[in-house]
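The report below considers how parts of this structure are packed against one another. Please read it alongside the sequence and the coordinates.

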Amino acid sequence: MDEALAEVGYRPQSGSSLDQVFLLDGAGVVNDYIEHGELGLALDHLLYMVEEPPLLISRSTFEHIEAASVVLGVQPARLDNIRARFARPS
């Protein structure tokens, strides 16, 4: 997310896919969920942050998301959009 925001000078075009409060402060939202023990919501928000713009992520990042999904009991199919459309080699 930081790379995508940096590319637009941290000022996304009004109405663009990056111009959303829950993406602009996405890391804060994820951390808040984690601090309150809402790990499933944290992962859901992280997935939203990747899918919504859509962002390209590295293979390593995908593997971390996949590992968290396994621990949290998320159905593997939930990651299909990220796996098929956004994952790229590191």
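## Nonpolar core

L43, L47, V50, I57, F62, I65, L79 and I82 form the largest nonpolar core, which has eight residues in all; such a core is a set of buried Ala, Val, Leu, Ile, Met, Phe, Trp, Tyr and Cys residues joined through side-chain atoms within 4.5 Å, where buried means under 20% relative accessible area with a 1.4 Å probe, protein chains only. At least two residues of this core come from each of α4 and α5 (59-72), and α4 supplies the largest share, three residues. Helices here are DSSP runs (H or I, at least four residues), numbered from the N terminus.

The model is predicted, so local features need pLDDT of at least 70 and side-chain atom pairs count only at pLDDT 80 or more, whereas totals for chains, interfaces and linings use all residues. Residues are numbered from 1 along each chain as its sequence is written, and side-chain values use heavy atoms, with hydrogens and water left out.

## Packing of α3 and α4

The axes of helix α3 (residues 26-35) and helix α4 (residues 39-51), lines fitted to C-alpha atoms over the stretch in contact, come within 7 Å and cross at roughly 165 degrees. The two helices, α3 and α4, are therefore roughly antiparallel to each other (an angle over 145 degrees).

In their contact (heavy atoms within 4.5 Å), G26, A27, V29, V30, Y33 and I34 of α3 meet L39, L41, A42, H45, L46 and M49 of α4.

## Surroundings of S69

S69 lies in helix α5 and counts as buried, at 2% relative accessibility. Leaving aside residues up to four places away in sequence, S69 touches L43, V74 and L79.

Key:
Axes fitted to C-alpha atoms, helices over the stretch in contact; angles between N-to-C directions. Parallel < 35°, antiparallel > 145°, perpendicular 65-115°, else oblique. Buried < 20%, exposed > 50% of the residue type's maximum accessible area, 1.4 Å probe, protein only.
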